[in-house]
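This briefing covers strand pairing, helix packing and the contacts between parts of the model. Please read it alongside the sequence and coordinates shown here.

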Amino acid sequence: MSTDNAKIRELSGRAYKYGFVSDLESDAAPRGLNEDVVRLISAKKHEPQWLLDWRLKAYRHWLTMREPTWQNVHYAPIDYQDIIYYSAPKPKTPGPRSLDEVDPELRTMFAKLGISLAEQERLTGVAVDAVVDSVSVATTFKRKLAEAGVIFCSFAEAVQQHPELVRKYLGSVVPYSDNFFATLNSAVFSDGSFCYVPKGVRCPMELSTYFRINAADTGQFERTLIVAEQGAYVSYLEGCTAPMRDNNQLHAAVVELVALDDAQIKYATVQNWYPGDAEGRGGIFNFVTKRGKCAGRGSKISWTQVETGSAITWKYPGVILQGDDSVGEFYSVALTANHQQADTGTKMIHIGRNTRSTILSKGISAGHGQNTYRGLVKVQKAASGARNHTQCDSLLLGSQCGAHTFPYVEVKNPSARVEHEASTSKIGDEQLFYCRQRGIREEDAVPMIVNGFCREVFKELPMEFAVEAQKLLGVSLEGCIG
Amino acid sequence: MLEIEDLHASVEGHEILRGISLRIGAGEVHAIMGPNGSGKSTLAQVLAGNPSYQVSGVARYQGKDLLDLPAEARAAAGIFLAFQYPVEIPGVGNLYFLRTALNAIRQQRGLEELDAMDFLALAKERMQLVEMDPELMNRALNEGFSGGEKKRNEIFQMAILQPSLAILDETDSGLDIDALRSVAAAVNALRSAERALLLITHYQRLLDYIVPDYVHVMANGRIVQSGDKDLAVELERHGYAHFDAPAAAGEGS
């Protein structure tokens, strides 16, 4: 991976400076949700009948479902009829075929975000599938990936170009009926990313998608599908930021990963969406379903996440360990400051024999932040020799925040070995005085101590991502000290 | 260099220092001895700027009013405290911490930051001076260090930060005789005409290795006797019993 991704990383780091609204003409669906809106989305994308049918099945199922209430977060009710479910940026000149032809407004916005696509293509080794308001506007490095046989494109494009692959794997990990938010996504998803790595291929570069929520009151419903065939390897980075806004915005994405025999998928997220202001107004509601399936023997899926943004975070990236000897990993840093709330963790479902999973969760609460770890380790009957190790650490800054842990363990095979370790600590006055006695001011000491606490997770991230994640923590903690 | 007059300190309404007066000149080595609960460690903490204490009285350091300065500014002014109980900071590398500290001090003094290469060269040189195990450099700050390793690490930090006044709070406690000898040798190597040392100790044995110019005895929040190094020997023979025993000073000096 090249060293000049710093520009891209800008968007996940430093002060929350992305609070601008670009003046792109939006092509939006009417407010609210009904079958016609679902049909409109499908028609806009020229989708085949089977996909429309799938969306409608999801929509009809969704009507029978209720929003979950078990999570440890509180928010005003969401009016699902007050959301615009589709909006696409309209290019001022039709059909830009290369980066040079991309809408200058759009490119200005990317420049503000620190992603100059032109520069990206020239300088970086990362292929960026930039998503603005649900439609991919530019995809780079296709040629190089194509040479390796890797397919990396927008989801909509994949539906047109590789319908057989999409049809085979869509919903195979997260079925349309999975949960309230995933089902909603299945009905109305607009775009996202698709990646297919063929048998035996090691993807020649780290893949990266940057999501950005833009048009006012537009819920964003991304759909990502990554398939690694036998012996394939792919590493995928997702980073996010959104403009500042007063109204809460719903985000309900679905990510599905499929790893066949001996394949490996690494999926890393740095999430820095608008967290709301210091009083808890505004901010993104992030209800995400992410799941991987180790379908093949000896396959491996790793989730690494650094969650510092959003008013509400609700996500449990999990792994279904179906293949014998498969491995699932979850490394997480979740920070809640001000009035942010996070209910996050993972699910490790052991089905195959000798399957192994590792969970390492670091929760940091500051201000009035509430941070909940919720994890499920399930060992099914056939999963002889299954092993899990879970470590859940919480760090508290101040006295008005909270840390909560809900570990669920279900073991149906007597040979399984499941371990759970948990700790809660506070940045102590003694630690701070020690740092200050050595000349380090409190506002520098706190981020240093917090970064130390997160180090085991950061070392799972690609290096530049880790550097950016450290800076991000420092920025997110500003104003929470003292 | 340091002039203290009628220094009082209390924590949660409980008075621990009850009027300390002391003068320390450049290049001098002072030892403060006394029984548990006499206020020795509190004096060290108060001089270093621990905000947990309510402090009154006068303390001037190189002409500056010390009590007005926050802890980090005292560090920048050259005051270093080798802690009795050095803290652990998990995940923060020992050398990373020390470079951050050195550069924070340099920044406050208006000096340029030391880059990683120059710092590493400095660290390697000073590591030898204090006979520090290089393996400890790559570990997190004090995490999993033995008691003796922590104390030696404090002296290593002192060797890097080069303070003008170093306060060593019970640096000898928890050290076996070999470790004590080698830590004392490191401290002696750092003695200079510009640097003052304030040794806080329970026992006289440290003073066999780091010979003080002055010895003060603290009891019940006051300095009750001052003398030269012979006073320490005398104390070792007779104990602290004939000094005003701390009736209400409480535990945890």
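In chain B of this predicted model, strand β9 (residues 165-169) and strand β10 (residues 196-201) run parallel and are joined by five bridges. Two strands pair if DSSP finds at least two bridges between them; strands (E, at least two residues) and helices (H or I, at least four) are DSSP runs numbered from the N terminus. Local features need pLDDT of at least 70 and side-chain atom pairs count only at pLDDT 80 or more, while totals for chains, interfaces and linings use all residues. Residues are numbered from 1 along each chain as its sequence is written, and chains are lettered from A, with ligands numbered from 1, in the order in which they are written.

- Contact here means that the C-beta atoms of two residues, placed from the backbone, lie within 7 Å. Axes are lines fitted to C-alpha atoms, for helices over the stretch in contact, and angles between N-to-C directions run from 0 to 180 degrees.
- At the β12(B) end, strand β11 (residues 214-219) of chain B runs antiparallel to β12(B), with five bridges joining the two.
- H216(B) has S226(B) in β12(B) as its bridge partner.
- β11(B) and β12(B) form a hairpin with two residues between them, and N220(B) in the turn has a positive phi of about 55°.

**Four-stranded sheet of chain B**

- Another open sheet has four strands in the order β2-β1-β4-β5 (chain B), with antiparallel pairing.
- β2 (14-24) and β5 (64-65) of chain B are its edge strands, each with a single partner strand, so one side of each is left without a neighbour in the sheet.
- Strand β4 (residues 54-61) of chain B is joined to β5(B) by two bridges, and these strands run antiparallel.
- R60(B) stands opposite D65(B) in β5(B).
- Helix α1 (residues 40-48) of chain B lies across β1 (2-11), β2 and β4 of chain B, at about 70° to β2(B).

**Helix pairs**

- Helix α4 (residues 116-129) of chain B packs with α5(B) at an angle of about 130°, their axes 9 Å apart.
- α4(B) and α5(B) are therefore oblique to each other. Angles under 35 degrees count as roughly parallel, over 145 as roughly antiparallel, 65 to 115 as roughly perpendicular and the rest as oblique.
- L122(B), A123(B), R126(B), M127(B) and L129(B) of α4(B) meet F156(B), A159(B) and I160(B) of α5(B).
- The residues of this contact divide into seven nonpolar, no polar and one charged. Ala, Val, Leu, Ile, Met, Phe, Trp, Tyr, Cys and Pro count as nonpolar, Asp, Glu, Lys and Arg as charged, and the others, Gly among them, as polar.
- In chain A, the axes of helix α2 (residues 35-44) and helix α3 (residues 49-63) come within 10 Å and cross at roughly 150°.
- α2(A) and α3(A) are therefore roughly antiparallel to each other.
- E35(A), V38(A), R39(A) and S42(A) of α2(A) make the contact with L51(A), L52(A), R55(A), L56(A) and Y59(A) of α3(A).
- By class, the contact of α2(A) with α3(A) has five nonpolar, one polar and three charged residues.

**Domains of chain A**

- Chain A is divided into domain 1 (18-427) and domain 2 (428-476), with bounds from an automatic or database domain assignment.
- Domain 1 of chain A gives 20 residues to the contact and domain 2 of chain A gives 19 residues.
- β17(A) gives the most to the side of domain 1 of chain A that touches domain 2 of chain A, with four residues.

**Contact between the chains**

- In this interface, 20 residues of chain B are in contact with 17 residues of chain A.
- α3(B) gives the largest share of the side of chain B that touches chain A, five residues.
- That side of chain B has 14 nonpolar, five polar and one charged residues.
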